[in-house]
Amino acid sequence: MGPTASGKTAAALQIAQHIPSEIISVDSALVYREMDIGTAKPNAAELGSVPHHLIDIIDPSESYSVAQFLDDTQSLVKDIQSRGKLPLLVGGTMMYFKALLDGLDDLPPADPALRAELDAEAARIGVPGQHARLATLDPITAARLKPNDSQRIQRALEIITLTGQAMSTLLAQQTRPARPFEMLSIALEPSDRAALHQRIATRFDTMLEQGFLDEVRALRQRGDLHPNLPSIRCVGYRQAWDYLDGNCSMEEMRELGIIATRQLAKRQLTWLRSIPERIVIDCLQPDATQQVLQLVLQNSQATE
């Protein structure tokens with residue numbers, strides 16, 4: 001596990017060179033076909049060096065849920081283990097990792113009609129107004145949400161309307177399910193946030209040099225994609241889409257893309273801190289990849 005640009009792919013490939021393994025991608029962006037450069041998808045040589053799963057499995061016009069990921073991964077782990085190999089779960093989508101570690105929240109599914117009503121309310125009183133309403137109904141949930149976090153605020157209001165209970169109450173009542181398999185959780189985290197930010201900027205510039213804008217142009221030319229799709233809301237893609245719409249300059253797009261990626265890394269690190277059992281390795285150390293390998297080798301020997 002780790003934030004963007006922390007070296008997760010290199011560590012996984014190193015492990016696979018020493019232990020028969022197959023990699024399961026834990027990344028909500030890598031599932032999309034035709035989105036390679038902006039997602040930092042492993043290249044052809046990397047994909048060919050070890051079997052990879054949950055990469056290029058859906059079209060950008062489609063969506064992929066946490067529940068689907070959980071079902072697919074649990075099945076893949078069993079299959080990989082049956083072949084006598086080590087399943088390596090590699091990525092930065094922390095919501096997926098939390099689902100594997102803690103199970104899914106047993107909350108009601110989205111209600112399209114109610115969502116439309118909440119969207120209309122947001123247009124009328126604003127998202128901060130909805131946050132204020134949530135604060136009177138579920139102060140615990142409201143306290144952990146930013147006043148402009150429209151998606152999570154509306155989800156909390158939706159749950160109250162559908163169940164008559166606060167989300168915080170429902171979550172407190174849930175029990176943690178037994179995991180179907182043991183997990184060794186290793187997190188690549190930076191000791192210096194500024195150094196990670198520099199890595200992020202360098203990687204974004206490299207993506208631009210590799211033809212990222214041409215990739216987004218090709219997606220736009222399909223004619224069936226739009227900025228509200230989960231695929232196009234991926235970090236980098238929405239900024240490039242705005243640029244190609246003429247809403248910002250090239251330099252502004254670059255700056256906004258880097259800022260959005262930094263914000264993603266911050267959210268990823270916040271999620272990681274909520275996983276107490278993780279083993280932290282400083283991703284900025286020159287031997288970080290070797291440290292990860294040694295941990296996995298030691299664990300593998302201990303469980304044999």
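Predicted model: local features only at pLDDT ≥ 70, side-chain atom pairs only at ≥ 80, totals over all residues.
Local features need pLDDT of at least 70 and side-chain atom pairs pLDDT 80 or more, while totals for chains, interfaces and linings use all residues. Residues are numbered from 1 along each chain as its sequence is written, and side-chain values use heavy atoms, with hydrogens and water left out.

Let's start with salt bridges, meaning a side-chain nitrogen of Lys or Arg within 4 Å of a carboxyl oxygen of Asp or Glu. The whole structure has 17 of them. One joins Glu-34 to Arg-222, at 2.9 Å from N to O. Glu-34 sits in the loop between strand E1 (21–25) and helix H2 (44–49), and Arg-222 in helix H11 (residues 212–222), so the pair ties together parts 188 residues apart in sequence. Helices (H or I, at least four residues) and strands (E, at least two) are DSSP runs, numbered from the N terminus. Arg-222 also bridges to Asp-224, at 2.8 Å, and a network of salt bridges links Glu-34, Asp-59, Arg-222 and Asp-224.

Now, what about helix H4 (residues 94–102)? Seven of its nine residues are buried, so H4 is largely enclosed by the rest of the structure. Buried means under 20% relative accessible area, with a 1.4 Å probe and protein chains only. Those buried residues pack against helix H3 (66–82), strand E3 (86–90) and H13, where contact means heavy atoms within 4.5 Å. Just after H4, Gly-103 takes a positive phi of about 85°.

Finally, Lys-41 is buried, at 10% relative accessible area, and forms a salt bridge with Asp-36, 3.0 Å between the closest N and O atoms.

Definitions and conventions:
Buried < 20%, exposed > 50% of the residue type's maximum accessible area, 1.4 Å probe, protein only.
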